Amino acid sequence: MVKVIDSHYLTITAIFTVVYQFIFFVITALFKFDQVTDFAGSTNFVILAVLTLVLKGTWHFRQVVLTSLVVVWGLRLGMFLLMRILKWGEDRRFDEMRENMGKLVVFWTLQAVWVWTVSLPVTLVNASNGGRLFQPADVIGWTMFVAGFLVEAIADQQKLLFKNRQENKGRWCDVGLWKYSRHPNYFGEMLLWWGIYVASLPVLKGAEYLVIVGPIFLTLLLFFVSGIPLLEESADKKYGNLGAYRHYKKTTSPLILLPRGVYGYLPRWCKTVFLFEFPLYSKNLPQETTVW
């Protein structure tokens with residue numbers, strides 16, 4: 001019988017997350033130094049995973065594997081984002097927040113909720129006795145994680161190299177995985193966290209299945225709040241009057257990796273229903289004008 005999760009772990013991780021994010025919020029608010037924002041988020045995941053693993057101390061293979069996966073993901077992403085922002089300067093997401101304390105508080109609160117909620121599957125696994133022995137869900141979940149991790153890491157590196165080349169200044173990235181998705185890094189991130197949830201299934205019992213709120217929250221956040229919409233709006237304002245960009249957007253999937261020859265010929269309803277091409281992503285795209 002799998003032991004029901006000890007609620008103390010939920011409390012401990014919540015308190016630590018609030019304190020950890022508050023420290024970085026104070027740094028940002030006082031010194032207008034927002035370069036540490038993404039680093040604060042990704043490292044928070046790592047600390048929660050390691051903290052719950054050590055506190056429980058059962059060292060079940062499922063706990064060790066999932067914790068290791070989160071640590072590798074968090075350190076890779078945290079260092080990548082930190083080095084990128086230090087190289088490129090200020091984070092443009094904060095242009096309207098630096099002098100607006102209300103918006104800054106909302107952002108850091110949302111980040112704390114994001115970290116704690118998305119970490120729930122790992123927290124639950126580490127707070128349990130490890131669950132049943134080796135299950136198919138373990139392999140499926142780990143495979144999903146590895147695939148998502150590779151897609152995210154490769155996409156990040158490809159875009160970084162693209163932007164570092166002087167000849168690409170003022171262009172949108174459309175090389176490598178970015179030929180098949182306008183946001184392959186987000187596709188990878190969603191996939192790897194859904195993989196973490198799948199790998200936690202052998203531990204779940206009864207109401208514990210509600211930790212699915214973690215990957216759901218991440219997915220909704222990237223779909224409708226701080227992920228795809230912000231980047232689509234920025235790109236549409238920059239390049240929306242260029243025919244080549246409009247063609248890229250029309251023929252390139254917003255998330256799932258697909259050949260342009262396939263995606264470009266799909267009907268609009270199919271793109272919206274099955275491939276997440278929501279009207280929200282084009283609300284800032286300038287209307288095409290007809291020349292008579």
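**Cysteines.** I started with C270, which is buried at a relative accessible area of 16%. Buried here means under 20% relative accessible area, exposed means over 50%, and partly exposed is in between, with a 1.4 Å probe and protein chains only. I then looked up C173, which is also buried, at 7%. Next I searched for disulfides and found 0 in the structure. A disulfide is counted when a pair of cysteine sulfur atoms lies within 2.5 Å.

**Ground rules.** I note that this is a predicted model, where local features need pLDDT of at least 70, side-chain atom pairs count only at pLDDT 80 or more, and totals for chains, interfaces and linings use all residues. Residues are numbered from 1 along each chain as its sequence is written, and side-chain values use heavy atoms, with hydrogens and water left out.

**Confidence.** I checked pLDDT, the predictor's confidence in each residue, from 0 to 100. The protein has a mean of 90, and 91% of its residues reach 70 or more. Helix 7 (residues 184-200) has the highest confidence, at 98. Helix 3 (residues 61-88) has the lowest, at a mean of 90. Helices are DSSP runs (H or I, at least four residues), numbered from the N terminus.

**K271.** I found K271 in helix 12 (residues 268-275). What is the nearest side chain of opposite charge to K271? It is E277, 6.1 Å away. K271 is buried yet has no salt bridge. A salt bridge needs a side-chain nitrogen of Lys or Arg within 4 Å of a carboxyl oxygen of Asp or Glu. For charge, Lys and Arg count as positive and Asp and Glu as negative; His and the chain ends are not counted. I did find the backbone oxygen of K250 at 3.1 Å from a polar atom of the K271 side chain. Leaving aside neighbours within four places in sequence, K271 is in contact with K250, Y263, G264, L266, F276 and E277. Contact means heavy atoms within 4.5 Å.

**Positive phi.** I looked at F276 next, in the segment after helix 12. F276 is not a glycine, yet its phi is positive, about 65°. I logged F276 as partly exposed, at 25% relative accessibility. W59 is not a glycine either, and its phi is positive at about 55°. I placed W59 in the loop between helix 2 (37-56) and helix 3. Most residues other than glycine have a negative phi.

**N185.** My last stop was N185, in helix 7. N185 is buried, with a relative accessible area of 13%. Not counting residues up to four places away in sequence, N185 touches E152, A155, D156 and W178.

Terms used: Helices (H or I, at least four residues) and strands (E, at least two) are DSSP runs, numbered from the N terminus. A polar contact is a pair of N or O atoms within 3.5 Å; within protein, one must be able to donate a hydrogen and the other to accept it, and residues adjacent in sequence count only if both atoms are side-chain atoms.
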